[in-house]
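I set out to record what holds this fold together. The entries below follow the order in which I looked things up.

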Amino acid sequence: MGAVRMDGLPPADLPEVAFAGRSNVGKSSLINAVTGRTHLARASTAPGRTREINFFVADDALRLVDLPGYGFAKVSRGEKNKFQNLGRAYLRGRPNLKRAYLLIDSRHGVKDLDLEAMEAFDLAAVSYQIVLTKVDKLRGRDLEQVHAETTRKIARRPAAFPRVLATSSEKGAGIPELRAEILAACAA
């Protein structure tokens with residue numbers, strides 16, 4: 001289901017994990033890979049297509065939440081603020097949110113907008129974990145460098161989970177590890 005306002009959210013009766021990140025970072029593709037479904041979350045080549053909070057129930061035991069992306073959506077500033085504020089309100093006020101996964105495109109590393117998102121998570125005391133996406137596009141040494149730099153950037157962040165995951169929705173790399181992290185976060 002999708003919600004365009006806070007009063008349209010489903011009841012807080014299941015543990016939830018949310019996926020956040022810049023527009024076009026691969027949130028929908030990653031949700032599809034985690035669930036093993038190819039067309040569950042709609043993936044688009046145009047950035048900023050997710051303009052509501054989308055909920056996907058997994059085995060009647062937990063919800064995966066696809067948040068609107070931040071960054072370069074091609075919509076009016078007012079429209080962009082509307083759906084980005086919805087995502088922020090969800091993160092601040094959802095009592096059953098167990099962890100947010102902040103997706104970072106491994107080809108670009110942590111950008112200023114990502115640092116702003118981390119700051120917002122830290123201020124709201126929302127536990128979050130960094131997930132590098134599209135790692136199949138990098139060579140081994142480049143991936144090691146991005147992974148090390150990302151780990152360094154979150155080292156002193158109070159709400160950041162210390163382990164950075166490296167994934168590829170296309171090749172399946174890191175997906176079993178991400179599933180295990182999700183299950184562990186929801187069991188806590």
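I note that the model is predicted.

Next I looked up the secondary structure. I found seven strands and five helices, and along the sequence they follow the pattern β-β-α-β-β-α-β-α-β-α-β-α.

I then turned to burial and surface. The protein has 188 residues, and 48% of them are buried. I recorded an accessible surface of about 9700 Å², with 50% of it belonging to carbon and sulfur atoms.

Which residues have the most contacts inside the largest nonpolar core? I found Tyr90, Leu102 and Ile130, in a core of 30 residues. At least two residues of this core come from each of the strands E2 (16-21), E3 (53-58), E5 (97-105) and E6 (128-133), and likewise from each of the helices H2 (77-93), H3 (112-124) and H4 (140-154). Strand E5 gives the most, with four residues. I also noted another core, apart from this one, with 19 residues including Leu30, Ile31, Tyr101 and Leu165.

My last entry concerns a helix pair. Helix H1 (residues 27-35) packs with helix H5 (residues 175-187) at an angle of about 85 degrees, and their axes are 9 Å apart. I therefore describe H1 and H5 as roughly perpendicular to each other. On the H1 side I listed Leu30, Ala33 and Val34, which meet Ile175, Leu178, Arg179 and Ile182 in H5. I classed the residues of this contact as six nonpolar, one charged and no polar.

Technical notes
Residues are numbered from 1 along each chain as its sequence is written. This is a predicted model: local features need pLDDT of at least 70, side-chain atom pairs count only at pLDDT 80 or more; totals for chains, interfaces and linings use all residues. Side-chain values use heavy atoms; hydrogens and water are left out. Buried means under 20% relative accessible area, exposed over 50%, partly exposed in between (1.4 Å probe, protein chains only). Accessible areas come from the Shrake-Rupley method with a 1.4 Å probe; for residues, only the protein chains shown count as cover. A nonpolar core is a set of buried Ala, Val, Leu, Ile, Met, Phe, Trp, Tyr and Cys residues joined through side-chain atoms within 4.5 Å. Axes are lines fitted to C-alpha atoms, for helices over the stretch in contact, and angles run from 0 to 180 degrees between N-to-C directions. Angles under 35 degrees count as roughly parallel, over 145 as roughly antiparallel, 65 to 115 as roughly perpendicular and the rest as oblique. Contact means heavy atoms within 4.5 Å. Ala, Val, Leu, Ile, Met, Phe, Trp, Tyr, Cys and Pro count as nonpolar, Asp, Glu, Lys and Arg as charged, and the others, Gly among them, as polar.
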